[in-house]
Amino acid sequence: MAARQRVVVMRHGDRLDHAEPMWPANKPRPWDPPLTDAGILRAWTVGKRIRAQAAADGYQLHRVLVSPFFRCLQTAAQAVAALCAVPDDAALAAAVESSANVPLDTSRVKVSIEYGLSEMMNAEAMGVFVSQVAPSVDNWFPDLAELEAVLPTGTIDHSTKPLYPEVPKWGESVRAARTRYASVIKALADKYPDENLLLVTHGEAVGSSVACFGTGVEVYDVEYCAYSLLKRQPQAEGDCESESGESLLKLLTDRSGPTTGIHYLLP
């Protein structure tokens, strides 16, 4: 097992319904807005930053797992393009302003959808309008093939199954969602212990990654495309937790903070 496994937990980019509040009206899936153009650009830019930071720290990301929400799929598509972009020259890659027409080496990462990384399934996250229609929703998303079509061709890993086979049930509490996020992050790190992971998800998940894996940390803001960096601590092979019950994943506070879009108070 890779003793120094890294797990990056990233929020999606700028969502259209926050820029255009009337967007959900008459939409077939009002809970699933796309990114704005600025959000797509931000996702590409932050994806390049994550790649550059990983290279500077001496590692590379091997696997991307993403929430099924469209804004997360679009964000992951940009981040994956940044991770797979050719050439390798960091300065040249940093100068490319858009992922359009950038050649990709899709063998660099494996990508799959993880329903356990979904948005909090409650009115606090999705608003009053969605909460009114949610009880009658049978299918929250299109079939898996349509979701995967948003991601770069040649990157999808069909050999693995998600931890959650479907989106969590509507009506979960904020506390239950935070517990879910922490549990899924731990489980994914343990499922792929020899790989460094990028998890593309939602703001509450990023906040939970900081609060759960950073001792006494209190999160008060998570910006679009903010990300935390966790590192697995060296332990005996196969261990998931220390003898004290603490997770072996620890927040790197020098790599997770205001410069990465997360604002929190240290104890």
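Student: How many of the residues of β1 are buried?

Tutor: In this predicted model, six of the six residues of β1 are buried, and the strand is mostly covered.

Student: Which strands pair with β1, and in what sense?

Tutor: β6 pairs with β1 in the antiparallel sense over five bridges, and Met10 has Tyr227 of β6 as its bridge partner. β4 is joined to β1 by five bridges as well, but in the parallel sense. There, Val8 is partnered by Leu198.

Student: How do you know that β1 and β4 are paired strands?

Tutor: Pairing asks for at least two bridges. β1 and β4 have five bridges, so they count as a pair.

Student: Why is β4 called largely enclosed?

Tutor: Because five of the five residues of β4 are buried. Leu197, Leu199 and Thr201 cover one side, and Leu198 and Val200 the other; both faces of β4 are covered.

Student: What is the order of the strands in the sheet?

Tutor: The sheet is open, has six strands and runs β3-β2-β4-β1-β6-β7, with mixed pairing. At the edges are β3 (110-113) and β7 (249-251), each of which pairs on one side only. From one strand to the next the twist averages 20°.

Student: What joins β2 to the strands beside it in that order?

Tutor: β2 (residues 63-66) runs parallel to β3, and four bridges join the two; Arg63 is partnered by Lys110 of β3. β2 also pairs with β4 in the parallel sense, over four bridges. Leu65 has Leu199 of β4 as its bridge partner.

Student: Which helix lies across the sheet strands, and at what angle to β4 does it run?

Tutor: Helix α7 (residues 174-191) lies across β1, β2, β4, β6 and β7, and runs at about 155° to β4. The charged end of Arg180 sits over the ring of Tyr181, 4.6 Å from the centre of that ring.

Student: What makes that a charge over a ring?

Tutor: The distance must be within 6 Å, and the charge must also lie within 35 degrees of the ring normal. Arg180 is 4.6 Å from the ring centre of Tyr181 and sits over the ring.

Student: Why is the pair of Trp31 and Trp140 called edge-to-face?

Tutor: Ring centres must lie within 6.5 Å to pair, and planes over 60 degrees apart count as edge-to-face. With centres 4.7 Å apart and planes at 65°, the pair of Trp31 and Trp140 is therefore edge-to-face. Trp31 lies in the loop between α1 and α2 and Trp140 in the loop between α5 and α6, so the pair ties together parts 109 residues apart in sequence. Trp31 is buried at 6% relative accessible area, and Trp140 is buried at 9%.

Student: What is the geometry of the rings of Phe69 and Phe141?

Tutor: Their centres are 4.8 Å apart and their planes at 80°, so this pair is edge-to-face. Phe69 is in the loop between β2 and α3, and Phe141 in the loop between α5 and α6, so the pair ties together parts 72 residues apart in sequence. Phe69 counts as buried at 0% relative accessibility, and Phe141 counts as buried at 12%.

Student: Which residues do ring pairs link into a cluster?

Tutor: Trp31, Trp140 and Trp170 are linked in this way.

Technical notes: Residues numbered from 1 in each chain as written. Predicted model: local features only at pLDDT ≥ 70, side-chain atom pairs only at ≥ 80, totals over all residues. Heavy atoms only, no water. Axes fitted to C-alpha atoms, helices over the stretch in contact; angles between N-to-C directions. Contact = heavy atoms within 4.5 Å. Phe/Tyr/Trp six-rings, centres within 6.5 Å; stacked < 30°, edge-to-face > 60°. Buried < 20%, exposed > 50% of the residue type's maximum accessible area, 1.4 Å probe, protein only.
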